[in-house]
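We will go stop by stop.

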Amino acid sequence: MSLKTRSVVGFEALIRWNHPQLGLIYPGSFISIAEDTGLIIPITRLMVEDVCRDLKTWHDRIKNLQKLTMNVNISSRHFLQPSLLSDIKAVLNNINLPPDHLKLEITETALMEDVDDTVRLVQRMKDYGLQIVIDDFGTGYSSLSYLKRLPIDVVKIDRAFVRDLTEDPEDDAIVAAIITMARTLSLQVVAEGVEAKRQLKFLKRHRCSMIQGFHFSRPLPAADFAAFVEKENG
């Protein structure tokens, strides 16, 4: 949600495994196994295709959702795969969805595994039109020299720093500093895990770009999401 316009401007695609015997399984129970086995790569491909189709449908059918963007998490194992960018291009071209509506979320740890290769890959993604987000900012390397080199668009403040805003002076200082730094570098900044009005007030006062969290919505099935955004955005 944009704190400036108070409207929903995007969403993050979350994966759930609807197991025939065990019911709904959350990613904490299977993502690490998928990464270890390499299954995370075909899983991500399928997810990107599914959610891109949903987004394209919403763009075409609902006028006030035409600027909506979508965030997808890319694992460290998948990020430096030679096929990643070509796979994304194929999906977007097939669905006829402009690349600037897709934001790839990548952790600091993944970005720093091979910095020179990462800079080249991220630049190719940017040249194609994708937007790049550093996820969980502040929990990895947090190297400002690397941040300066990487052509990214957005930093997401990890929920660990947002949780105790206004109650922990150290978290207040860290979050305020990240927002100031991001604005100075002409980056957007998203605060994750916003659940309380006190957090919202702090972030608005410090001119955070966007928020994400239970304060305005819990995760929703795709079938319910469009109706939610239509209602929120009037």
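A salt bridge here is a side-chain nitrogen of Lys or Arg within 4 Å of a carboxyl oxygen of Asp or Glu. Keep that cut-off in mind for the stops below. One more thing before you start: this is a predicted model.

**Stop 1: the whole protein**

Show the cartoon first. How many helices and strands does the secondary structure come to? There are eleven helices and nine strands. Turn the model around. The C-alpha trace spans about 45 × 45 × 40 Å along its principal axes.

Of the 234 residues, 46% count as buried.

Next, think about contacts. Take those with a separation of 6 or more: 67% of them join residues 24 or more positions apart.

Colour by charge. The protein has 29 positive and 31 negative charges. Their mean positions lie 8 Å apart.

**Stop 2: Glu 192 and Lys 156**

Side chains of opposite charge can pair when their charged atoms come close. Select Glu 192 and Lys 156 and show their side chains. They meet in a salt bridge, with N to O at 3.4 Å. That value is within the 4 Å cut-off, so the pair counts. Glu 192 sits in the loop between strand S8 (188-191) and helix H10 (197-205), while Lys 156 sits in strand S7, so the bridge ties together parts 36 residues apart in sequence. Are these two residues buried or exposed? Both Glu 192 and Lys 156 are buried.

**Stop 3**

Glu 105 has 1% relative accessibility, so it counts as buried. Lys 156 also has 1% relative accessibility and counts as buried.

Which residues are linked in a network of salt bridges? They are Glu 12, Glu 105, Lys 156 and Glu 192.

**Stop 4: Asp 153 and Lys 126**

Clear the selection and pick this pair. Asp 153 forms a salt bridge with Lys 126, and the closest N and O atoms are 2.6 Å apart. Again, distant parts of the chain are linked: Asp 153 lies in the loop between helix H7 (144-149) and S7, Lys 126 lies in helix H6 (residues 115-128), and they are 27 residues apart. Asp 153 counts as buried because its relative accessibility is 16%, under the 20% cut-off. Lys 126 is partly exposed, with a relative accessible area of 27%.

**Stop 5: two backbone angles**

Most residues other than glycine have a negative phi. Select Arg 6, in the segment before strand S1 (10-12). Arg 6 is not a glycine, yet its phi is positive, about 60 degrees. It has 42% relative accessibility, so it counts as partly exposed.

Last, select Asp 136 in strand S6 (residues 131-137). What is the phi of Asp 136 near? It is near 55 degrees, a positive value in a residue other than glycine. Asp 136 counts as partly exposed, at 24% relative accessibility.

Methods. Residues are numbered from 1 along each chain as its sequence is written. This is a predicted model: local features need pLDDT of at least 70, side-chain atom pairs count only at pLDDT 80 or more; totals for chains, interfaces and linings use all residues. Side-chain values use heavy atoms; hydrogens and water are left out. Helices (H or I, at least four residues) and strands (E, at least two) are DSSP runs, numbered from the N terminus. Buried means under 20% relative accessible area, exposed over 50%, partly exposed in between (1.4 Å probe, protein chains only). Contact means heavy atoms within 4.5 Å. Lys and Arg count as positive and Asp and Glu as negative; His and the chain ends are not counted. The place of a charge is taken as NZ of Lys, CZ of Arg, CG of Asp or CD of Glu.
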